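Subject: Handover of a structure

Dear colleague,

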Amino acid sequence: MFSTRRRPSTLAVCACLVHALAWSAAAQERAISVTGNGEVSARPNRLQIELQTSGMAELTQDAIIKYDDALRRVTEAFEKLQLDQLAVEPGDISFASTLVNNARGAQAKPQMAILQSIKLTLSQVDQIPQKELVATVGKLIDTAQDAGATISNNPVGSFNMVNQGGRLIVRNQVAQPLVALWVSDFEPLYDQAYQKAFEDATVRAEKLAKLAHKKLGDVLSIDESSQRVYGPDGSAVQSLASVRLGPIPVRASLRVRFALLSEDQGE
Amino acid sequence: MALAVGCLLSCASQARAQIVLAAPVVASEENPNEPKRPFTLPAQKNEVAESLADFRRYAEKTTWERAFKALEKVQEADPNALTPSSSDGLYMPTRQVLRLALAELPPAGKQAYRLFHDADAKTLFSQAEGKDETEKLRKVFNDFFITSVGDAAADRLGDIYFEQGEMDKAAECWQAVVKWCPESSLPRVRLLVKSAIAEARGGHWDAFDDLNREVRQRHAEEKVVLGGKSLAASEHLDAFEKKNRPETRAAESRQPDLHLPVADAPSWQFRIIPQRDASAIAQVGMNWGWGMRFPVAEMVPAAAVDDQRAYLNFLGYLLAVDVKTGKLLWRSARFSDLAQKVQQNQYHYPEQYAIVVSGDTLWCVTRDVGQIGQHGQPFRIGRWEAATGKAGWNSQNINDLQQWNIMGVPLPAGDRVYVAAAKNGQGAEQYVLALQASDGKLLWSTHLGTHQADQTQMWHRRTAQPSLILAGGRLFVESHAGGLVALDAASGAIEWAFAYDSSMPDTNNWYNQPSSFTTLAPPILVGKTLYIKGMRSDRIYAIDVSTPKLLWKRPVGESSMLVGVDDENLYLSGEEVLAIDLATQKLKWASRLPNGTGWLKPLVTHDRVYQFTSRGIFELDKRNGDTVRLFRGSDLDSLGGVMLATSTRVLTVSNLAVTAYALSEGAGRDDATKSAQATAAIGAGRN
């Protein structure tokens with residue numbers, strides 16, 4: 001996922017290690033290791049909603065017609081919104097067969113289901129005022145539900161929801177987020193985070209060296225102590241995505257080993 | 001079904017391009033070939049059907065003696081009990097099946113039968129005098145119809161039945177001669193005319209039309225002697241029709257569309273219960289510790305409407321609201337403690353409460369509000385003054401009716417009201433009753449069949465509440481459990497029945513049992529074709545009721561319900577709205593709508609289907625199912641439900657409120673809503 005150009009390569013680290021091994025044990029003692037952290041953040045610029053449509057029937061031909069109609073209605077409903085930044089992309093199709101056997105002792109009747117995922121992508125959301133963005137998201141969710149689509153992140157069917165007195169209660173379930181927010185071009189952010197982490201490590205090392213009446217020498221090694229990116233809720237995410245509308249942080253952590261020199265050394 | 005789809009949908013996001021095959025279900029060990037039916041018709045024992053099969057087999061081999069010997073067991077059986085008349089689920093009274101079996105014999109078979117039985121038949125016919133006349137003629141007609149005196153016996157028996165007012169039986173006698181005795185010397189035109197008059201007197205005007213058409217086409221110039229007078233046959237029937245035929249209302253499929261208002265704001269809204277009470281009722285299954293949703297959690301109260309008032313039967317509390325203003329006009333009692341009463345017991349059966357307005361009278365099926373949810377307490381039928389709420393007679397106070405637990409939506413018709421029922425403590429035995437509208441006198445009761453599951457034990461599922469429709473003097477009772485019965489409305493005699501595929505209701509209950517999406521709608525009769533879809537059936541059937549004959553059947557989702565028929569399509573609703581081409585029975589389109597409650601009552605007009613959902617009223621184009629308009633309205637906290645219409649308003653009834661919207665000015669609005677009202681007022685989300 002990360003290019004070797006932007007991060008200290010394994011090769012480089014190995015080279016440092018070989019170089020260090022070539023030194024004497026005394027030389028190793030004249031070194032200092034510190035950890036530096038860097039963090040930058042960015043507003044998401046892309047919003048995604050995953051939908052499902054389906055057609056299910058005992059007759060396969062009926063299931064196909066239901067599937068076709070469902071997909072057409074959902075697609076047309078979003079076309080009618082005329083949102084320039086909205087892309088509607090049909091995704092994977094699944095076929096499933098199940099046996100419905102409600103009657104005791106009766107022959108089970110197979111049902112064919114055709115399931116279609118649909119991805120809604122709204123781009124340039126970082127350029128939309130927050131109020132307008134919230135309204136647009138609401139419009140997308142309403143359109144999906146009115147058109148008969150299921151929003152995938154919703155772990156329960158609508159039938160299990162009880163709307164009592166305006167309060168939405170999802171039985172035995174914690175309500176799940178419906179929208180994912182993404183940063184499209186995130187690699188420059190990693191560059192910045194590493195730069196900050198290295199600078200942080202250098203500052204720390206200088207402080208420690210000063211305490212020891214030494215001064216910093218060359219960088220002997222760099223370890224990438226963490227590659228994880230944390231979402232705003234503190235849990236690790238695989239890529240730059242969030243379920244909340246707000247800045248997405250990118251954190252980097254480096255362990256850097258500096259040579260320690262006498263204050264008179266190298267002058 | 002909803003659960004299955006939900007499961008599939010939730011799996012689909014994880015499993016890409018997968019094919020999942022569930023394990024096959026092993027057939028019942030008790031009877032692997034014939035699974036138990038959830039509803040059994042009052043049919044003969046199997047041995048009668050087996051004897052008929054033997055008769056047909058021997059007749060095919062022209063071993064006449066054995067064939068007629070096999071028939072003796074059929075002749076000894078109850079002539080009025082039902083026997084399968086075909087392999088497609090139709091049942092006829094045994095006497096008719098027997099007569100048909102004899103009439104269909106080849107000439108050699110008929111000759112042999114006469115050889116065996118002509119002497120007996122002649123003896124019986126000659127002895128048919130005095131008090132034994134009817135019985136002996138009936139014996140000849142039923143058992144020896146194809147003998148040399150069969151036609152004469154049928155004609156005389158028809159005359160007797162006619163004089164006794166048993167019009168269906170009279171017509172049956174005369175038509176049997178017309179149909180099966182081409183060699184009879186009796187004047188055919190006379191039999192046709194008598195038969196037509198009997199059908200009309202019995203209210204079967206469709207049959208009258210057919211017979212009149214035949215007289216006009218084949219016997220236009222012929223005369224008949226009736227009552228000592230010689231009359232031109234065709235002219236006589238026309239004159240009879242002009243004098244006696246009642247006016248009929250326009251077909252429902254021709255209702256013009258509704259013009260929903262531009263703004264969401266209602267004309268008025270009547271909140272049925274506070275939100276906290278609705279929440280309490282919705283949670284009642286949880287509070288009892290079952291962790292399941294009881295039917296009462298998503299119920300929509302029974303509702304009816306006329307041009308002046310909207311009426312509710314909310315678990316036994318009756319009330320009327322002014323259609324123009326939304327003001328409460330009267331109520332049977334305050335119901336501030338309703339939620340508390342609902343939570344005390346679990347045998348609610350909300351689907352059994354019904355209300356119908358007919359002229360100035362409200363007909364309600366209800367039980368005392370002090371007995372809400374109590375096990376074993378029967379439902380009663382009663383009448384109330386629609387304007388004032390003043391109570392009239394109640395079956396609780398009528399001796400002959402005290403043993404009956406009333407079910408389904410009552411069907412008032414003239415001086416009668418028809419209603420389904422079961423005897424107290426015998427919840428599996430299904431009956432239909434005819435009551436005198438003025439005083440509740442029981443006119444007749446007919447046993448229709450037996451549920452496999454006692455309906456009074458199904459507190460955790462919607463029970464099968466029969467639907468009744470009356471047409472042409474014939475009463476159709478759809479059990480919603482796998483059996484439809486056609487009766488003579490005058491006498492209650494079963495004319496024929498139809499057994500259809502239906503799931504066995506799950507009588508087991510367990511903790512955290514998932515609820516199922518269940519809908520229910522009455523059959524629809526268009527001309528001679530009756531469309532039926534039982535509440536737990538995954539088939540829709542079209543039956544020609546004049547023959548009767550199964551025209552076609554096709555699979556549909558079990559959770560779907562019939563909502564309308566027009567010249568081209570049949571419309572179903574439920575989890576999705578569907579249009580099925582009548583000519584090809586192919587699915588034309590499907591439109592999935594948001595689900596809330598299964599207690600739906602959509603409206604179907606000339607070009608539109610309207611459905612009240614949890615997200616507003618969807619107005620669908622009947623041609624393609626596209627949403628023409630989504631009218632959000634003002635009851636978005638609810639689960640959706642029932643739509644009713646008057647000449648000036650469209651009303652939605654949900655679990656929370658009755659909401660009225662003024663119809664926009666538009667051509668044909670009044671006509672539209674009058675017809676729509678006729679359709680909608682028969683029951684709220686029920687039948």
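Against which strands and helix do the buried residues of H4(A) pack? Please note, before the reply, that the model is a predicted one. In chain A, the buried residues of H4(A) pack against strand S2 (46-57), helix H3 (60-81), strand S4 (109-123) and strand S5 (150-151). Strand S34 (627-631) of chain B is also a packing partner. The buried residues in question are Val137(A), Leu140(A), Ala144(A) and Asp146(A).

The length of helix H4 (residues 130-146) of chain A can be checked as well. At 1.5 Å a residue, its 17 residues should span 24 Å, and this agrees with the end C-alpha atoms, which are 24 Å apart. Just after H4(A), Gly148(A) has a positive phi of about 90 degrees.

Chain B contains an open sheet of 4 strands, in the order S27-S28-S29-S30, with antiparallel pairing. Strand S27 (561-565) and strand S30 (587-592) are its edge strands, as each pairs on one side only. On average, neighbouring strands of this sheet are turned by 20 degrees against each other, direction ignored. Strand S29 (residues 576-581) is joined to S30(B) by 5 bridges; Val577(B) has Ser591(B) as its bridge partner in S30(B).

Also in chain B, helix H9 (residues 188-201) packs against helix H10 (residues 205-218) at an angle of about 160 degrees, their axes being 8 Å apart. Angles over 145 degrees count as roughly antiparallel, and H9(B) and H10(B) are therefore roughly antiparallel to each other. The residues in contact include Leu192(B) and Ala196(B) of H9(B), and Phe208(B) and Leu211(B) of H10(B).

Yours sincerely

Key:
Residues are numbered from 1 along each chain as its sequence is written. Chains are lettered from A and ligands numbered from 1 in the order in which they are written. This is a predicted model: local features need pLDDT of at least 70, side-chain atom pairs count only at pLDDT 80 or more; totals for chains, interfaces and linings use all residues. Helices (H or I, at least four residues) and strands (E, at least two) are DSSP runs, numbered from the N terminus. The expected span of a helix is 1.5 Å times one less than its number of residues. A residue is buried if 20 or more other C-beta atoms lie within 10 Å of its own, exposed if 12 or fewer, and partly exposed in between; C-beta atoms are placed from the backbone. Two residues are in contact if their C-beta atoms, placed from the backbone, lie within 7 Å. Two strands pair if DSSP finds at least two bridges between them. Axes are lines fitted to C-alpha atoms, for helices over the stretch in contact, and angles run from 0 to 180 degrees between N-to-C directions. Angles under 35 degrees count as roughly parallel, over 145 as roughly antiparallel, 65 to 115 as roughly perpendicular and the rest as oblique.
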